[in-house]
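Reader: Before I use a model like this, I would like to see how each label was assigned. Please take the labels one by one and set the values against the rules.

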Amino acid sequence: MTSIDQTRSTRARRAAPLAALGLAAAALLSACSSSSSTPTTTTTPPGGTLSASNAAFLAADLKAPAGTLNASGSTFVQPFFTSAFYAYTGKNQGLQVNYQGVGSGAGITAFESGTVAFAASDVPMAASDLAKVPASSGPVIQVPDILGGVAVAYNVPGVSARLKLDGPTLAGIFDGTITTWNASQITALNPGVTLPSHAIVPEVRADSSGTTYIFTDYLKSANPTAWTLGTSKTIAWPASAVQTPKNSGVAASIQSTPYSIGYIELSYAIKNKFAYAAVKNAAGAYVVPSLNTVAADADQKTGVSSTDFSIVNQPGATSYPISGYSWAILLQKQTSDTTGAQVVKVLDWTTHTGGGQDLAAGLDYVALPPAVQNQVRTQLLTVTGTTGQTLLSK
Amino acid sequence: MTVLVDLPADPTVERRRAVQAAAASSLRRRKLASTAALGVCWVFLAVAVVPLVAVVAYVVAKGLPAWNADFFTNSTVPEGIPGGGVWNAIVGTMVITGIAIVVTVPLGLLVGLFLAESEGRVAAALRFTADVMTGIPSITVGIFGYIAIVRNYGYSGFAGAFAIGFIMLPVIVRAGESAFRGVPTSLNEAALALGARKATIARRVVVPTALPGVITGVLLAVARGLGETAPLLLTIGGNQYLQWNPTKQMAALPTTIYNSSSQPYADQVQLAWGAALLLVVVVLVLSIGSRLLAARLRKERR
Amino acid sequence: MTVVETPRPTPAPPDVRGRLRLPDRGYRGILAVAAALVAALAAWFLVSIIIQAKPAFSTLGFSWILQKTWDPTHGKYGLLPFILGTLEVTAIAVVLAVPIGLGTALALAYLVPARTRAALSTTVELLAAVPSVVYGLWGLVVLAPVFRDTVEPFLTSVLGWTGLFNGPDQGVGLLLAGVILFVMILPTMVAISRDVLAVVPNEQLEGAMALGATRWQVLRKVVVPGARTGLLGAFTLATGRALGETVAVALVIGNSPYIAHSIKSPAATIPSLIVNNFGEATGTELAVLFGAGLVLLVIGIAVNSVARWLVWSTAGPSAGATAR
């Protein structure tokens with residue numbers, strides 16, 4: 001009933017070869033005379049190149065002062081963060097980071113009330129959230145920390161081929177207008193596949209979720225007028241949708257409910273060998289979600305910030321359209337030099353190739369594009385301590 | 001020669017025969033009803049046992065493979081790292097539940113005594129309050145713990161103990177009161193006649209007589225406290241590392257189960273089931289132990 | 001010669017009132033302080049929740065409690081589907097738990113051979129040992145498919161005429177949540193009932209038997225009525241647990257914020273609403289969640305009052321006397 005995605009075997013560590021490529025490109029650039037007037041003809045990787053001082057920064061990151069940090073937030077990044085922090089403590093044994101996946105919103109609330117050193121959220125804090133941070137705390141910095149995709153998993157008895165679905169069809173399924181598997185919209189996209197006439201059971205999140213946000217962001221982007229349920233972490237799904245809390249709940253529900261279809265984190269779908277759909281992207285190609293195709297989508301738009309963070313439905317033939325970043329949130333003006341140094345160094349190490357990002361592929365996450373990693377470091381360099389000194393250094 | 005004489009119908013004899021016939025026939029009916037009703041009771045007993053067997057079998061099947069030396073001695077580790085365990089959660093649960101028990105059991109039993117001995121409107125209002133408290137959803141208790149303690153002092157084991165204690169308290173109060181009320185009045189009156197003070201009566205008559213019921217009630221409360229997840233989710237903050245200090249964030253078994261069971265990684269899920277099995281075993285041990293204790297107390301009193 | 005003996009002072013008679021030298025007033029005082037502490041705790045709880053819920057009422061009024069539509073992104077906070085869901089799922093659980101729990105308790109107290117009594121009692125009570133999250137997961141993974149494929153079609157074919165079994169067989173929903181809740185509250189019901197039923201005075205039992213009552217008649221007419229107050233306590237605790245159960249219900253009820261139109265429908269309860277949304281809720285929505293908690297409190301009080309009234313009205317003023 002479920003088919004294994006072939007691309008899993010091609011899951012490569014894209015970070016390391018890309019870094020090598022980046023260094024080679026940098027060397028090439030510096031060797032040639034710079035001609036700034038002409039567009040670049042060197043092979044710049046689509047995701048950008050890592051800055052040359054990366055290694056120096058990483059080495060300094062491992063010299064953070066000893067202690068314990070508390071952090072909380074998104075459940076989506078929890079496996080990645082706990083692995084990265086564990087690896088960090090392996091190299092710098094005095095510093096432990098206790099990360100708890102309590103949910104993006106709960107993490108933000110904890111951050112607003114000052115009970116955690118930093119928070120993690122699948123959707124950056126909106127202006128209304130930022131207003132709740134006391135003015136005396138100063139500005140808030142939000143940086144991407146990892147990349148992920150949302151897979152559309154299904155359980156249709158008798159169908160073993162990978163289904164192809166596009167934006168309008170997905171919108172129709174999840175707002176309740178398309179009700180049976182053999183509806184004309186679905187059969188038109190999947191010629192040669194015999195689809196049953198059984199009713200579709202949409203499976204959605206009952207709790208507030210960043211995965212929901214990314215999925216509905218895509219639906220809105222692909223159907224600007226037809227998708228009316230909005231883009232949010234909580235959606236008023238139609239009565240026909242079965243709502244279950246947490247990714248695991250939705251996944252268990254899909255697995256045990258024939259004729260169901262739902263959206264879950266890619267890492268979960270891969271690890272549990274779900275059947276998931278190839279989704280049509282902005283370029284018109286049907287793309288299977290994988291670490292490579294999510295990365296391809298992210299590479300199309302590396303200039304992300306906390307106010308412009310959506311990367312769904314990007315151009316590019318190999319882009320998987322339902323992708324999104326997860327964000328780390330911290331104060332720019334740290335009130336304790338020790339804690340501040342610990343926070344920026346751990347986050348810097350976690351968000352860069354050669355540090356925590358190397359662990360991403362093994363856990364079915366996608367590493368940040370190098371250009372984004374550079375932006376993260378630029379932001380982290382603005383974090384200051386009690387006397388206004390920069391806390392991150394190489 | 002036998003002569004059959006038709007005696008004239010004696011109304012008294014007739015009536016006696018009629019009554020005896022009615023009693024005999026109703027006895028059959030009543031016995032039938034009795035057998036049927038008792039049969040239903042047996043069926044219900046079987047119905048009560050079946051889900052237990054199913055759930056425990058499931059927990060054992062999924063949790064036993066997780067039990068090894070590392071499981072009991074190591075703290076939780078991230079996905080992919082071998083040798084993870086739940087020792088930090090075990091310590092957290094012990095500390096949090098221990099604090100809750102130490103505070104709520106004496107307090108709850110004192111209030112149970114108060115209610116058992118009082119009949120006025122104040123007592124009725126308090127009894128009512130305790131009943132309502134048992135119906136407060138655990139998540140609301142968690143929210144209260146969050147507002148009352150976490151907002152001011154941060155996540156901690158104490159906040160968790162506060163929330164768990166809040167849940168256990170009304171159970172102990174009500175069960176304790178039921179048990180104390182079950183003590184026959186004759187014993188109370190005998191003690192009073194001997195000139196004992198109320199405190200003495202409580203200590204030497206009421207509590208020992210009611211002890212089996214009290215133990216059941218306390219055990220129910222502790223079992224509930226050990227398994228509650230929602231209040232802990234909002235108050236203890238969680239900790240991947242070992243922590244004995246209840247003023248800091250701690251781990252606990254129910255929250256570890258809740259969090260690990262929703263991971264997409266098989267070894268984390270197995271850890272969760274192993275922890276669930278551990279909880280079940282602990283309460284089983286407590287249950288059997290307290291039953292033996294209660295039985296011995298009953299024997300001694302005889 | 002006369003020897004005048006000064007009388008030796010007679011020693012004070014030994015104090016036979018017990019070694020605990022607490023005067024009655026001190027003892028009652030301690031009990032009263034304990035009671036006051038608990039009352040204060042309850043008051044603190046109530047005040048905290050009310051303060052947190054207040055913004056909901058000042059911004060939205062009171063009508064939202066009975067409205068049907070729950071759509072926070074568009075500012076709609078109708079609570080009615082969750083109130084109904086809570087009542088419905090508790091009703092299912094209690095309707096199952098009262099007779100089955102009582103029957104089981106009677107069996108354990110009077111029918112089961114003495115030697116196996118302890119083992120069987122422990123077995124039933126072991127149900128209370130299983131954490132609620134395990135019930136939720138077991139219900140979702142094991143029971144839901146069974147319900148969807150076997151139980152619900154069967155019930156629909158047999159009882160469909162009642163109109164309560166419309167709609168598709170989905171597994172998760174009110175029925176499954178009610179049954180899981182029933183399993184969870186059963187040990188409470190059984191354990192307390194059994195203890196209370198077992199201490200009915202022997203003289204009453206023997207008197208009834210001497211009059212020629214069958215075993216069932218003894219149980220039904222002497223034991224159960226005699227234990228009525230304690231049974232009310234068991235019922236109250238069990239109902240309280242059912243009303244407040246959060247995690248297990250959230251996993252198996254389907255979390256549909258719409259009013260259920262059949263026993264098989266997915267639904268939602270107030271506790272499941274709170275646990276699913278609290279972590280991320282802010283502002284008005286957060287205040288609404290506290291308000292929902294308040295509404296649940298009111299429901300609990302109402303259920304308690306009805307239960308008490310039932311006992312008093314059927315048993316009469318002597319209800320409490322025989323329990324002693």
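Author: The model is predicted. Contact here means heavy atoms within 4.5 Å. By that rule, and leaving aside neighbours within four places in sequence, Phe290(C) is in contact with Ile143(B), Ile147(B), Ile49(C), Gln52(C), Ala53(C) and Phe278(C).

Reader: Where does Phe290(C) lie, and why is Phe290(C) called buried?

Author: Phe290(C) lies in helix α11 (residues 283–315) of chain C. The relative accessible area of Phe290(C) is 2%. The label needs a value under 20%, so Phe290(C) counts as buried.

Reader: How far apart are Phe290(C) and Val247(C), in sequence and in space?

Author: They are 43 residues apart in sequence, and 18 Å separates their C-alpha atoms.

Reader: What is the secondary structure of chain C, and what part of chain C counts as buried?

Author: Chain C has eleven helices and two strands, in the order α-β-β-α-α-α-α-α-α-α-α-α-α along the sequence. Of its 324 residues, 55% count as buried. Among contacts in chain C between residues at least 6 apart in sequence, 74% join residues at least 24 apart.

Reader: What makes Glu117(B) and Arg28(C) a salt bridge?

Author: Their closest N and O atoms are 3.0 Å apart. The rule asks for a side-chain nitrogen of Lys or Arg within 4 Å of a carboxyl oxygen of Asp or Glu, so the pair of Glu117(B) and Arg28(C) qualifies. The count between chain C and chain B is one salt bridge.

Reader: How many residue pairs are in polar contact across the interface of chain C and chain B, and which helix of chain C gives the largest share of the side that touches chain B?

Author: The rule finds eight residue pairs in polar contact there, with both residues at pLDDT 80 or more. Helix α1 (residues 24–60) of chain C gives the largest share of that side, 18 residues. By class, the side of chain C that touches chain B has 60 nonpolar, 20 polar and twelve charged residues.

Reader: What area is buried between chain C and chain B?

Author: About 8,200 Å², of which carbon and sulfur atoms give 74%. In residues, 92 of chain C are in contact with 90 of chain B. The size of an interface is often given as the accessible area lost when the parts come together.

Reader: What are the corresponding values for chain B and chain A?

Author: Chain B and chain A bury about 1,900 Å² between them, with 53% of it on carbon and sulfur atoms. This contact takes 20 residues from chain B and 23 residues from chain A. There are zero salt bridges between the two chains, and five residue pairs are in polar contact, both residues at pLDDT 80 or more. Helix α10 (residues 253–261) of chain B gives the most to the side of chain B that touches chain A, with three residues. That side has nine nonpolar, ten polar and one charged residues.

Reader: How do you know that Lys132(A) and Asp129(A) form a salt bridge, and are these residues buried or exposed?

Author: The closest N and O atoms of Lys132(A) and Asp129(A) are 3.9 Å apart. The cut-off is 4 Å, so the pair counts as a salt bridge. Lys132(A), at 38% relative accessibility, counts as partly exposed, because that label covers values between 20% and 50%. Asp129(A), at 14%, is buried.

Reader: Why are Arg181(B) and Glu177(B) separated by about one helical turn?

Author: Because they are four residues apart in helix α6 (residues 157–181) of chain B. Over all chains the count comes to 13 salt bridges. Another one joins Arg241(C) and Glu245(C) at 3.4 Å, N to O, and both of these residues are buried.

Reader: What is the average pLDDT of chain A, and over which residues is it below 50?

Author: Chain A averages a pLDDT of 84, and 89% of the residues score at least 70. Over residues 1–40 of chain A the pLDDT is below 50, and this stretch has 44 contacts in the model beyond near neighbours in sequence. Where pLDDT is low, the predicted coordinates should not be read in detail.

Note on methods. Residues are numbered from 1 along each chain as its sequence is written. Chains are lettered from A and ligands numbered from 1 in the order in which they are written. Side-chain values use heavy atoms; hydrogens and water are left out. Buried area is the accessible area (1.4 Å probe) that two parts lose on being put together, summed over both. A polar contact is a pair of N or O atoms within 3.5 Å; within protein, one must be able to donate a hydrogen and the other to accept it, and residues adjacent in sequence count only if both atoms are side-chain atoms. Ala, Val, Leu, Ile, Met, Phe, Trp, Tyr, Cys and Pro count as nonpolar, Asp, Glu, Lys and Arg as charged, and the others, Gly among them, as polar. pLDDT is the predictor's confidence in each residue, from 0 to 100. Buried means under 20% relative accessible area, exposed over 50%, partly exposed in between (1.4 Å probe, protein chains only).
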